[in-house]
Amino acid sequence: MLRRFALLGDIHAEDRRLALALTWLKGQAVDAVLAVGDLADGRGDLDRCCALLAAHRVQAVRGNHDRWLLGDELRGLTHAHQAVDLAPATLAYLAALPPTRRLATVRGDLLLGHGVGPDDMVRLRPHHSGYDLEANFALTDLLADRSLPLAAGGHTHQRMVRAFARPAGPSLVFINPGTLHPDHESGFAVVDLERGHVAYFDLVERPDESLAVEPAEVAPLPAL
């Protein structure tokens, strides 16, 4: 049962940043490391990323870019990986990733996905309101499951901790750890359910091109 865990956002083959994050997290007394998918399509080494995730027993899910790679779709995208260039072990690892994982925590079940639940293309952003939420049928499905107090996903590359009210029963708290991609706010999150907060950490590139982990903001977890 999870009490304190790490969340890795969209990885996009950033093997150097992933390696640093996983090494740093070894000393942080987390119960598990979770990843929201989109391992593929980026400037780094996808073979190394998958090997690192397997070696560190990261519980990952499949993102839309991983699905596209396996289906040989949209391979003309910038920095898209080609299956022929990848190790068989990498393709097997990606093919085995589920679209979601439901995990037990001290605050109830957590549904880990890439977008919103099993839909890897739906975006849920911090500013969404009104029609954006009404038309988000994947979110509606999660809200209908009153036994689900927590969800985590990525896809937007935007950090977020946000509660969504239900007509009856506890709210749904949705956590987005962001992304490792250096063109965005690169980093990851550590979720402490007992202390009731999500601590975000930046992956910062120094002038000598080395990388460092630096604390960023701490977001309170809304009451369930």
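Asp 15 sits in helix α1. Keep in mind that this is a predicted model.

Is Asp 15 buried or exposed? Asp 15 has a relative accessible area of 12%, and the cut-off for buried is under 20%, so Asp 15 counts as buried.

What does Asp 15 touch, leaving aside its neighbours within four places in sequence? The contacts are Gly 44, Asp 45, Arg 48, Cys 49 and Leu 52. Take Cys 49 from that list. Cys 49 is 34 residues away from Asp 15 along the chain, yet their C-alpha atoms are separated by 5.1 Å.

Now the rest of the helix. Besides Asp 15, the buried residues in α1 are Arg 17, Leu 18, Ala 19, Ala 21, Leu 22 and Leu 25. An α-helix has 3.6 residues a turn, so residues three or four places apart point the same way.

The crossing of α1 and α2 is left-handed.

In soluble globular proteins, nonpolar side chains tend to be buried together. Here the largest nonpolar core has 33 residues, and the members that touch the most others are Leu 8, Leu 18, Leu 39, Leu 46 and Phe 188. At least two residues of this core come from each of β1 (4-8), α1 (15-25), β2 (32-35), α2 (46-55), α4 (88-96), β9 (187-192) and β10 (197-205). Apart from this core lies another, of 21 residues, including Leu 2, Leu 110, Val 173 and Val 198.

Back to Leu 8 for a moment. Not counting residues up to four places away in sequence, Leu 8 touches, among others, Leu 18, Ala 21, Leu 22 and Leu 25, as well as Leu 53, Pro 177 and Phe 188.

Last, the annotation. An unreviewed UniProt entry lists residues 5-195 as "domain: Calcineurin-like phosphoesterase". Over residues 5-195 the chain is 26% helix and 20% strand, and the end C-alpha atoms are 12 Å apart.

Notes. Residues are numbered from 1 along each chain as its sequence is written. This is a predicted model: local features need pLDDT of at least 70, side-chain atom pairs count only at pLDDT 80 or more; totals for chains, interfaces and linings use all residues. Side-chain values use heavy atoms; hydrogens and water are left out. A nonpolar core is a set of buried Ala, Val, Leu, Ile, Met, Phe, Trp, Tyr and Cys residues joined through side-chain atoms within 4.5 Å. Buried means under 20% relative accessible area, exposed over 50%, partly exposed in between (1.4 Å probe, protein chains only). Helices (H or I, at least four residues) and strands (E, at least two) are DSSP runs, numbered from the N terminus. Contact means heavy atoms within 4.5 Å. UniProt positions are given in the numbering used here, feature names are shortened, and annotations may be inferred rather than shown by experiment. A crossing is left-handed if the near helix is turned anticlockwise from the far one by less than a right angle, and right-handed if clockwise.
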